[in-house]
Amino acid sequence: MNYEQVRSVDPAVADALEGEDSRQEGTLAMIASENHVSKAVLEAQGSALTNKYAEGYPGKRYYAGCEYADDIEQLAIDRAKELWGAEHVNVQPHSGTQANQSVYFATLEPGDKILSLDLTHGGHLSHGHPANFVGQFYEVEQYEVDPETGYIDYEGLAEMADEFEPDMIVSGYSAYPREVEWETIQDVADDVGAYHLADIAHITGLVAAGAHRSPVGVADFVTGSTHKTIRAGRGGIVMTSEEHADDIDNAVFPGGQGGPLMHNIAGKAVGFGEALEPEFEEYAQQVVDNAEVLSDTFADHGFEVVSGGTDTHLVLVDLRESHPDLPGGDAEDALAEAGIVLNANTVPGETRSPFNPSGIRAGTPALTTRGFDEEAIAEVGDLIYKVVDNHDDEAVIAEVSERVDELCDEHPLYE
Ligand SMILES: *Cc1c(COP(=O)(O)O)cnc(C)c1O
């Protein structure tokens with residue numbers, strides 16, 4: 001990017017912006033929630049719409065001068081409806097977390113009960129962790145994955161729901177590598193009279209492209225982040241049926257937010273438009289194919305892959321089997337030194353602290369955007385194993401780092 005204007009007024013910020021560009025260009029982004037949006041999305045997000053107040057919704061604003069804001073938000077809404085087949089879409093949530101908050105605010109009273117997946121088993125903070133207000137305002141119980149298989153324990157979930165009688169069941173996860181059986185969870189919710197929120201933050205792109213089954217039209221509410229696999233402008237989205245449309249719109253604004261971030265909504269519109277192109281389907285399938293190859297490569301080296309594989313864009317490795325003395329955080333540090341950026345992650349049956357847990361999580365969305373195919377991803381899998389297995393060996397890390405530089409050069413990002 002060109003930061004001519006920033007540089008002329010603020011060299012310190014320009015330095016950091018340029019530093020970040022080179023960091024992204026020169027490292028392998030394997031944090032499963034990250035992606036690289038197009039230059040078109042970047043441009044839209046950097047537009048003068050950041051100046052505009054547009055509280056309200058298209059055609060019903062509290063401020064004058066919203067004609068272009070209306071056009072853009074309507075485009076984002078219409079494209080989202082087409083992408084996910086939703087009856088009603090709200091594109092204003094500032095993030096995936098705010099999208100979830102709006103669903104809770106629209107449907108629950110303080111003290112009501114939420115049943116969600118445990119964070120260490122792949123859930124998300126906004127699903128009711130005690131550190132998040134959701135965990136403090138509502139009564140939360142958490143289901144788990146089956147410790148043997150790594151798959152959601154659907155039976156255990158049904159039993160807990162019978163016992164706990166939740167008002168809301170949350171599905172959709174941050175570190176779950178398998179396809180989710182939305183219908184099964186919806187049946188449980190129906191049986192106990194709970195709402196069902198399916199949070200597809202990570203897999204919005206896979207669902208839009210048909211590479212993962214869709215909860216839209218199944219779950220009462222579907223939320224997502226718009227900057228992960230869907231590769232659009234940064235933020236969140238809520239999808240629901242006409243029945244809940246007004247409740248959701250009111251819960252987003254004025255319930256939980258003020259003015260919408262119209263520049264980000266422009267980025268969502270552009271990214272959604274890109275995702276409607278046929279190439280996006282190929283992209284999403286390649287993301288999943290690459291993750292499978294990564295998982296196989298890991299397994300061949302002797303890493304213990306949670307659930308034995310993946311159906312999605314991410315692979316979760318439990319290091320306790322192959323490298324019992326190496327916490328995930330230390331593996332993350334060694335990999336970062338080699339230019340491979342992923343995150344330490346808790347694993348089912350976690351025995352370490354969340355700050356330095358026992359696993360690492362690796363995703364393929366960003367590398368696939370850069371054009372990595374199965375062969376290139378398999379090599380990255382080899383490199384990851386090499387670093388983890390030689391995390392104390394500076395020479396090995398330097399050697400891998402050189403190869404990472406070459407791979408980055410071979411797969412340019414923003415030419
Ligand atoms: C990433 C994520 C979110 C939150 O997204 P933000 O945009 O970071 O607020 C919500 N739910 C799940 C399951 C996620 O993985």
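This is a predicted model: local features need pLDDT of at least 70, side-chain atom pairs count only at pLDDT 80 or more; totals for chains, interfaces and linings use all residues.
User: Where is Arg 231 placed, is Arg 231 buried or exposed, and what is its phi?

Analyst: The place of Arg 231 is in the loop between S9 and S10. With a relative accessibility of 17%, which is under the 20% cut-off, Arg 231 counts as buried. Although Arg 231 is not a glycine, its phi is positive, at about 65°.

User: Which residue does UniProt list for "modified residue: N6-(pyridoxal phosphate)lysine", and where is the place of that residue?

Analyst: The UniProt record, an unreviewed entry, lists Lys 228 for this feature. In the model, the place of Lys 228 is in the loop between strand S9 (221-225) and strand S10 (236-240).

User: Is Lys 228 buried or exposed, and which residues does Lys 228 touch, not counting those up to four places away in sequence?

Analyst: Lys 228 counts as buried because its relative accessibility is 11%, which is under 20%. Not counting residues up to four places away in sequence, Lys 228 touches Ser 33, Asn 35, Ala 201 and His 202.

User: How many residues surround the ligand, and which are the closest?

Analyst: The shell around the ligand has two nonpolar, nine polar and two charged residues, and its largest share, three residues, comes from helix H5 (residues 96-107). In total 13 residues surround the ligand, and the closest are Gly 96, Thr 97, Ser 174, Asp 199 and Lys 228.

User: At what distance from a nitrogen atom of the ligand is an N or O atom in the side chain of Asp 199, and what percentage of the ligand does the protein bury?

Analyst: An oxygen atom of the ligand is 3.0 Å from an N or O atom in the side chain of Ser 225, and an oxygen atom of the ligand is 3.4 Å from such an atom in the side chain of His 202. For Asp 199, the distance from a side-chain N or O atom to a nitrogen atom of the ligand is 2.4 Å. Taken alone the ligand exposes 380 Å², and the share of that area which the protein buries is 87%.

User: Where is the place of Gln 92, and which backbone oxygen does its side chain reach?

Analyst: The place of Gln 92 is in the loop between strand S4 (88-90) and H5, and Gln 92 is buried because its relative accessible area is 1%, under the 20% cut-off. Among the residues that Gln 92 touches are Tyr 57, Arg 61, Glu 73 and Phe 253. At 2.8 Å, its side chain reaches the backbone oxygen of Gly 56.

User: Is the peptide bond from Phe 253 to Pro 254 cis or trans?

Analyst: Pro 254 lies in helix H10, which covers residues 242-256. Most peptide bonds are trans. The bond from Phe 253 to Pro 254 has an omega near 10°, and this peptide bond is cis.

Note on methods: Residues are numbered from 1 along each chain as its sequence is written. Side-chain values use heavy atoms; hydrogens and water are left out. UniProt positions are given in the numbering used here, feature names are shortened, and annotations may be inferred rather than shown by experiment. Helices (H or I, at least four residues) and strands (E, at least two) are DSSP runs, numbered from the N terminus. Buried means under 20% relative accessible area, exposed over 50%, partly exposed in between (1.4 Å probe, protein chains only). Contact means heavy atoms within 4.5 Å. A residue is near a molecule or strand if one of its heavy atoms lies within 4 Å of it. A polar contact is a pair of N or O atoms within 3.5 Å; within protein, one must be able to donate a hydrogen and the other to accept it, and residues adjacent in sequence count only if both atoms are side-chain atoms. Accessible areas come from the Shrake-Rupley method with a 1.4 Å probe; for residues, only the protein chains shown count as cover. Ala, Val, Leu, Ile, Met, Phe, Trp, Tyr, Cys and Pro count as nonpolar, Asp, Glu, Lys and Arg as charged, and the others, Gly among them, as polar.
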